[in-house]
Amino acid sequence: MEEIPIIKLGRSLLVSIQIDMHDRLAVALEDELSEKLVETGAKGVIIDISGLDVVDSFVGRTLANIAGTARVLDAQTVVVGMRPQVAITLVELGLTLPGIKTALDVERGLAIVNATQGETADTIQRGPS
Amino acid sequence: MQRRGKRRTPFNVARPDRFQIRSAEDVRRVRQEVQVRAMKLGFRAVDQTKLVTAASEIARNTLDHGQGGTVDMEFVERNGQFGISLTFEDRGPGIADIAEAMEDGFTTSTGFGLGLPGAKRLVHEFRIQSETGRGTKVVLVRWS
């Protein structure tokens, strides 16, 4: 049975999609990620798609679903490692991945999550009582 | 018989290869088969990705809205240019209003509504025929 491993990295969860996504796998990933988010209290989900040759609207929708669920669970999603040909194709396809942040690699993705965490902590400290 | 020196065609010209589209696994197979052909024909990486992505969108439509169907993959040549032609056919309910279905954002609940117009932008030739109650046929061609 195929599986996409979810790795805890600092206060983020790292998911590396290396295989061609299909329906059951997408649903399993969405379920498992939301469970892990609650379990770990992670503040970010980094999805590495450097292994994907093709991102069609099905995969795009899966990414959007994950980002939506993560947001409700107080975590930010950053998609990293998109291949240049995938980026060009996505734009032409018309898929803009609304609400999803992107970064070139995992390191920069983590930096985005950490920066956002800082902001949140700051806001809470300075917030009105 | 193939003459020496003539460019070898990467797959059967006379008879297209036909694949069934009955499950999500079949849609994945279609992506792989298109990718292999595009590679063999020497498509650049970005052109491979465009054609495979377009094929994936239409194959999924065939499965989700056409109740499954087939795709014929053909090697085509015109004026010395080589390309790949993909013909998707289903006997599903058909599309009542093609113009509407070709609009960006038209969606039937499952996607972003990019399937048809998105796929059209990713290929050089796009033809669609549909009849209510009879089915839908979509032809995609991309030149190398």
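Residues are numbered from 1 along each chain as its sequence is written, and chains are lettered from A in the order in which they are written. Because the model is predicted, local features need pLDDT of at least 70 and side-chain atom pairs count only at pLDDT 80 or more, while totals for chains, interfaces and linings use all residues.

**View 1. Helix α2 of chain B, end to end.** Helices here are DSSP runs of H or I with at least four residues, strands are E runs of at least two, and both are numbered from the N terminus. α2(B) covers residues 45–64, and its end C-alpha atoms sit 28 Å apart. That agrees with the 28 Å its 20 residues should span at 1.5 Å a residue (the expected span is 1.5 Å times one less than the number of residues). Most of this helix is covered, with 17 of its 20 residues buried; buried means 20 or more other C-beta atoms within 10 Å of a residue's own, with C-beta atoms placed from the backbone.

**View 2. The largest nonpolar core.** A core like this is a set of buried Ala, Val, Leu, Ile, Met, Phe, Trp, Tyr and Cys residues joined through C-beta atoms within 7 Å. The largest one holds 59 residues, and A:V45, A:I47, B:L51, B:A55 and B:A59 have the most contacts inside it. α2(B) is the top contributor, giving seven residues. Zoom in on B:A59 and, leaving aside neighbours within four places in sequence, you'll find it in contact with B:I21, B:V27, B:V30, B:V71 and B:F88 (contact: C-beta atoms, placed from the backbone, within 7 Å).

**View 3. A:L90 in its surroundings.** This leucine belongs to helix α3 of chain A, residues 84–93. A:L90 counts as buried because 22 other C-beta atoms lie within 10 Å. Not counting residues up to four places away in sequence, A:L90 touches A:V55 and A:L95.

View 4. Look for B:R127 opposite B:V139 in β5(B). Three residues lie between the strands, and B:G133 takes a positive phi near 85° in this hairpin.

Notes. A residue is buried if 20 or more other C-beta atoms lie within 10 Å of its own, exposed if 12 or fewer, and partly exposed in between; C-beta atoms are placed from the backbone. Two residues are in contact if their C-beta atoms, placed from the backbone, lie within 7 Å. Two strands pair if DSSP finds at least two bridges between them.
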